[in-house]
Amino acid sequence: MYFAPLIFNTLSTIFLAAGHKFNCCTAMDKLLIQVFLPLSDHNGHSFPGEWYKQISTSLTERFGGVTIYQRAPVTGLWKEEEQHTVRDDLIIYEVMVDKVQKDYWEPFKKQLEQQFRQDSILIRSSPIQIL
């Protein structure tokens, strides 16, 4: 199932594609930002480990912490053409924020797309509640 991207306004209200509304953020509500990065290029060559270390350092300094799913990489599959399935092994970085700062995330995404030689890097946000 495809979910449309979330759109944020200055009041930190999230409007979902179905027209539902979720008001973020109370004291314990946050947004979870996830960054999906490939482990290798389209030819199967691994990217330098130092790149991932620099990204984790950068996210930790900016947001005060980062969670990295790297021991058991996830696999992403998608169809580029009807008969052609593409596979990526991925590392996922997660940070929790009060609001999305597009002036940070948009250039960060472009930089990652260039660095990892990707048409697109997936960065998504989801509302969460800390228990």
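**Helix pair**

I looked at H1 and H2, and the two helices are roughly antiparallel to each other. The model is a predicted one. H1 covers residues 49-63 and H2 covers residues 102-115. Their axes come within 13 Å and cross at roughly 175°. Angles over 145 degrees count as roughly antiparallel, so the crossing falls in that class.

Next I listed who makes the contact. From H1 I noted Trp51, Ile55, Ser58, Leu59, Arg62 and Phe63. From H2 I noted Tyr104, Trp105, Phe108, Leu112 and Gln115. Sorted by class, the contact of H1 with H2 has 8 nonpolar, 2 polar and 1 charged residues.

**Aromatic pairs**

How many aromatic pairs are there? I get a count of 9 aromatic pairs.

I then took up Phe47 and Phe116. Planes over 60 degrees apart count as edge-to-face, which is why the angle settles the class. Phe47 lies in the loop between E4 and H1, while Phe116 lies in the loop between H2 and E7. They are 69 residues apart, and the pair links distant parts of the chain.

The cut-off I used for buried is under 20%.

Phe116 also forms an aromatic pair with Trp51. I read 5.2 Å centre to centre and 85° between the planes, again edge-to-face. Trp51 is in helix H1 and Phe116 is in the loop between H2 and E7, 65 residues apart, and this pair too links distant parts of the chain. Trp51 had already come up in my list for the helix contact.

Which residues do ring pairs link into a cluster? I wrote down Phe47, Trp51, Tyr52 and Phe116.

**Strand E4**

Last, I checked E4, residues 29-38. The strand is mostly covered, with 9 of its 10 residues buried. Which strand does E4 pair with in the antiparallel sense over 7 bridges? The partner is E7, residues 123-129. Within this pairing I located Leu32, which stands opposite Ser126 in E7.

Note on methods: Residues numbered from 1 in each chain as written. Predicted model: local features only at pLDDT ≥ 70, side-chain atom pairs only at ≥ 80, totals over all residues. Heavy atoms only, no water. Buried < 20%, exposed > 50% of the residue type's maximum accessible area, 1.4 Å probe, protein only. Helix = DSSP H or I, 4+ residues; strand = E, 2+ residues; numbered from the N terminus. Pairing = 2+ DSSP bridges. Axes fitted to C-alpha atoms, helices over the stretch in contact; angles between N-to-C directions. Parallel < 35°, antiparallel > 145°, perpendicular 65-115°, else oblique. Contact = heavy atoms within 4.5 Å. Nonpolar A, V, L, I, M, F, W, Y, C, P; charged D, E, K, R; others polar. Phe/Tyr/Trp six-rings, centres within 6.5 Å; stacked < 30°, edge-to-face > 60°.
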